[in-house]
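Please work through the exercises below with the structure open beside you, trying each task before you read its solution.

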Amino acid sequence: MTNLDSRLERCFQAVFPKLSPDCVPSATSDSVPEWDSVNMITLLMVVQEEFGIHIEPEQLPELGSFQAIREYLMAVKE
Amino acid sequence: MKLIKALELVNSAASGLREFRIFLACGFTPLHLETFLAAEGRLASMQVSVLTGSYGDVVGNIEKLSASGADAGCVIVEYPDLDPRLGIRRCSGWTHKDYADVLRTVAASAERIIEATDRAAQVMPLCVLMPTLSILPFAHTPLSQTSSFEAQLALLGAQMSARLACSPQVRVVSQRRIDELSSAERFDMASELAAGFPYTVAHASAVAEVIGSVLFRCTPKKGIITDLDDTLWQGIVGEVGINGVSWDLEHGAQVHGMYQQLLHCFAQEGVLVGAASKNSPEMIDKVFECRSDLLLPGTDVFPVAAHWGRKSESVSEILRKWNIGDDDVLFVDDSPLELAEVKSVHPGVECIRFPRQNPEKYLEFWKTLRGYFGKPLIREEDAIRLRTIRDSSVFSEQLQANSPSPDEFLKDLRAELIFGLSVEPTDTRALELINKTNQFNLNGQRHTESSLRTALRAPGAFMLTTGYRDKFGPLGKIAVLQGQVAGSTVSIDSWVMSCRAFSRRIEFACLRQLFEQFRAETVTLAYVATNRNSPIREFLQVFKCDVTKPARISRDIFRECCPRLFHKIVIQQNEDHVAHLIEVSASS
């Protein structure tokens with residue numbers, strides 16, 4: 001597991017504490033019942049704070065899963 | 001605190017933590033502020049749940065406080081709460097021609113908020129935070145110039161703070177402290193538009209930290225022990241003489257003068273001030289006697305432990321005379337060696353270095369001391385505390401000298417007990433006694449304002465406070481009993497008495513008062529042994545109580561075992577309440 005993955009998993013666990021660690025990499029806004037608009041805002045704020053980035057509002061609709069956010073972070077890193 | 005850290009704290013296991021509910025009355029979506037507040041509660045070892053109201057209705061939310069069942073309320077006001085035209089979520093096309101109308105609306109909203117807050121504060125402890133976000137650039141003036149409109153808005157906000165701060169039940173959160181912790185960008189425009197939450201994460205964290213320190217504050221320390229040479233004054237008095245020590249600007253010693261002034265303020269606020277110095281006692285006596293320009297008079301300091309032994313011995317002596325624990329005390333010295341020596345013997349004492357040669361560090365030192373001793377209110381008892389400690393010391397010496405005939409000594413005291421019966425949960429002195437007394441404490445139970453209020457609403461509930469004075473002077477309010485009356489039985493849930501009041505048989509007089517006031521046949525006491533309450537255990541054993549369980553004392557046993565009492569009794573009570581209690585007891 002890369003450093004980015006473990007840090008992103010920590011963000012997800014903080015916002016969705018009931019989500020089991022095994023389910024984090026496959027988490028989506030459809031599969032996690034607690035993934036509502038408020039928690040979406042919180043998740044993205046936590047990610048921005050953790051990775052020191054700013055996520056543009058127009059990106060939000062595309063970031064509805066762990067994998068999508070992971071790919072976004074990889075792209076920003078490059 | 002980072003948001004991820006706050007979330008992890010809030011989500012961590014909470015077993016054994018005291019529950020504490022806060023009603024957050026604000027006009028915006030609380031979002032991350034709610035998380036940070038709960039996290040601050042965890043740092044104070046509490047499981048905090050945050051209740052909230054409706055978006056955009058701060059007055060309505062304040063009015064919900066009373067019925068919310070919360071333990072405390074927190075009111076946050078931002079400018080859009082006073083007039084939505086001062087926010088960005090509603091555009092009404094207003095211009096400078098509408099300034100007067102905006103100011104009228106703000107003034108009217110301010111009145112409604114003040115009235116609602118005052119009403120809510122009668123029911124629960126409240127803190128209020130006035131606008132922390134800048135007025136947005138609606139005014140016509142250049143950015144570097146304040147307009148009359150902005151100045152009047154700021155004035156209305158300041159007037160609100162001033163009026164609310166006058167209420168003893170309301171704590172106005174310090175803007176100065178917010179400014180210290182939140183200097184970066186505070187307003188998050190994107191978040192305000194998207195979610196109705198106007199704060200940046202960093203600002204929300206700072207706001208929660210300051211609110212937390214108001215709502216979850218630790219009990220202030222009771223005493224400060226100060227070094228003298230190069231701390232209270234500049235110079236070593238044994239080397240430069242009484243007139244050679246200084247504390248003014250002319251001698252480059254102004255920080256010492258400021259420190260003396262601070263300790264003088266502390267003494268007037270009820271903090272015990274003692275001195276520990278490696279000096280001859282005669283020399284120190286002469287300084288206090290001859291230097292009339294001292295900003296900390298000798299009457300503010302007791303005791304002064306001046307000798308050539310270790311400072312830790314001085315601290316021990318002072319703690320004995322004050323009769324308080326080492327974790328209630330701060331020690332200030334300019335020498336790291338002395339600080340380390342005292343800390344090694346008294347690990348509970350907070351040891352702080354006086355910034356003698358670093359005046360740039362004095363402000364931080366000053367704030368640190370204020371942090372340890374700050375209190376929301378100053379009461380009559382605070383002003384007389386040091387004098388009563390000094391008088392108690394004289395009392396104890398005379399009691400020991402008269403040990404063959406304590407009855408004669410006590411009779412000669414001309415002691416007076418002032419009993420007050422109330423259900424007034426806002427008696428802050430009573431609450432302070434319940435939460436700070438360890439030795440004569442029935443069971444160690446502590447109360448918040450809210451839990452005491454709840455206890456006093458029970459049928460037959462009462463709170464009996466005891467004030468004392470004798471020929472040595474007043475001790476102020478020194479004991480509190482809280483319980484219920486049911487039939488011919490009085491049940492005591494809490495009983496505390498200040499250690500300054502020992503050896504005067506006041507506790508016997510309190511028990512006698514219960515039998516007489518309520519015509520009781522039995523008094524039961526919810527005694528639980530703690531690490532420090534041996535004095536009350538010894539008292540109960542006088543009445544042959546089994547101290548492995550709650551105690552029962554019958555009127556007959558009391559009469560048999562009670563020693564002679566010589567107090568003059570003065571009753572201050574609400575006659576209606578006494579009549580009601582007697583009526584409740586008769587019908588039970």
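**Exercise 1.** Find which residues Asn279(B) touches, leaving aside those up to four places away in sequence, and decide whether Asn279(B) is buried or exposed.

*Solution.* Start with the position: in this predicted model, Asn279(B) belongs to the loop that runs between strand 7 (272–278) and helix 12 (281–290) of chain B. Next, list the neighbours, which are Asp229(B), Val237(B), Gly238(B), Ile284(B), Ala306(B), His307(B) and Trp308(B), when residues up to four places away in sequence are not counted. Then turn to the side chain, which makes a polar contact of 2.8 Å with the side chain of Asp229(B) and a polar contact of 3.0 Å with that of Ser277(B). Finally, compare the accessibility with the cut-off: a residue is buried under 20% relative accessible area, and Asn279(B) has 3%, so Asn279(B) counts as buried.

**Exercise 2.** Describe how the sheet with strand order 2-1-3-4-5 in chain B is built, and state which helices pack on or lie across its strands.

*Solution.* The sheet is open, has 5 strands and shows parallel pairing. Its edge strands are strand 2 and strand 5 (170–172) of chain B, each of which pairs on one side only. From one strand to the next, the twist averages 25°. To see one pairing in detail, look at strand 1 (residues 18–25) and strand 3 (residues 72–76) of chain B, which run parallel and are joined by 4 bridges; here Leu24(B) stands opposite Cys74(B). Helix 2 of chain B packs on the sheet, where it touches strand 1, strand 2 and strand 3, and its direction makes about 155° with that of strand 2. Helix 9 (residues 201–215) of chain B lies across strand 1, strand 3, strand 4 (126–129) and strand 5, running at about 150° to strand 4.

**Exercise 3.** Identify the residues with the most contacts inside the largest nonpolar core, and list what Leu33(B) touches.

*Solution.* Not counting residues up to four places away in sequence, Leu33(B) touches Leu24(B), Phe28(B), Ile76(B), Phe197(B), Tyr199(B), Ala204(B), Val207(B) and Ala208(B). A second, separate core of 48 residues includes Phe395(B), Leu481(B), Val485(B) and Phe543(B).

**Exercise 4.** Explain why the buried residues of helix 14 of chain B line one face of the helix.

*Solution.* First, note that Glu338(B), Leu339(B), Glu341(B) and Val342(B) are buried in helix 14 (residues 336–345) of chain B. Seen down the helix axis, these buried residues fall within an arc of 165°, and therefore they line one face. As a check on the other side, the face turned away from the buried one carries the exposed residues Leu337(B) and Ser344(B). The cover over the buried residues includes strand 7, helix 13 (311–322), strand 9 (329–333) and strand 10 (350–353) of chain B.

**Exercise 5.** Locate the cis peptide bond between Phe302(B) and Pro303(B), and then examine phi at Arg414(B).

*Solution.* At the cis peptide bond joining Phe302(B) and Pro303(B), omega is about -5°, and Pro303(B) lies in the loop between helix 12 and strand 8 (304–307) of chain B. Arg414(B), although not a glycine, has a positive phi of about 55°; this residue sits in the loop between helix 17 (406–412) and strand 11 (416–422) of chain B and, at 59% relative accessibility, counts as exposed.

Terms used: Residues are numbered from 1 along each chain as its sequence is written. Chains are lettered from A and ligands numbered from 1 in the order in which they are written. This is a predicted model: local features need pLDDT of at least 70, side-chain atom pairs count only at pLDDT 80 or more; totals for chains, interfaces and linings use all residues. Side-chain values use heavy atoms; hydrogens and water are left out. Helices (H or I, at least four residues) and strands (E, at least two) are DSSP runs, numbered from the N terminus. Buried means under 20% relative accessible area, exposed over 50%, partly exposed in between (1.4 Å probe, protein chains only). A polar contact is a pair of N or O atoms within 3.5 Å; within protein, one must be able to donate a hydrogen and the other to accept it, and residues adjacent in sequence count only if both atoms are side-chain atoms. Contact means heavy atoms within 4.5 Å. A nonpolar core is a set of buried Ala, Val, Leu, Ile, Met, Phe, Trp, Tyr and Cys residues joined through side-chain atoms within 4.5 Å. Two strands pair if DSSP finds at least two bridges between them. Axes are lines fitted to C-alpha atoms, for helices over the stretch in contact, and angles run from 0 to 180 degrees between N-to-C directions. The arc is that of the directions from the helix axis to the C-beta atoms.
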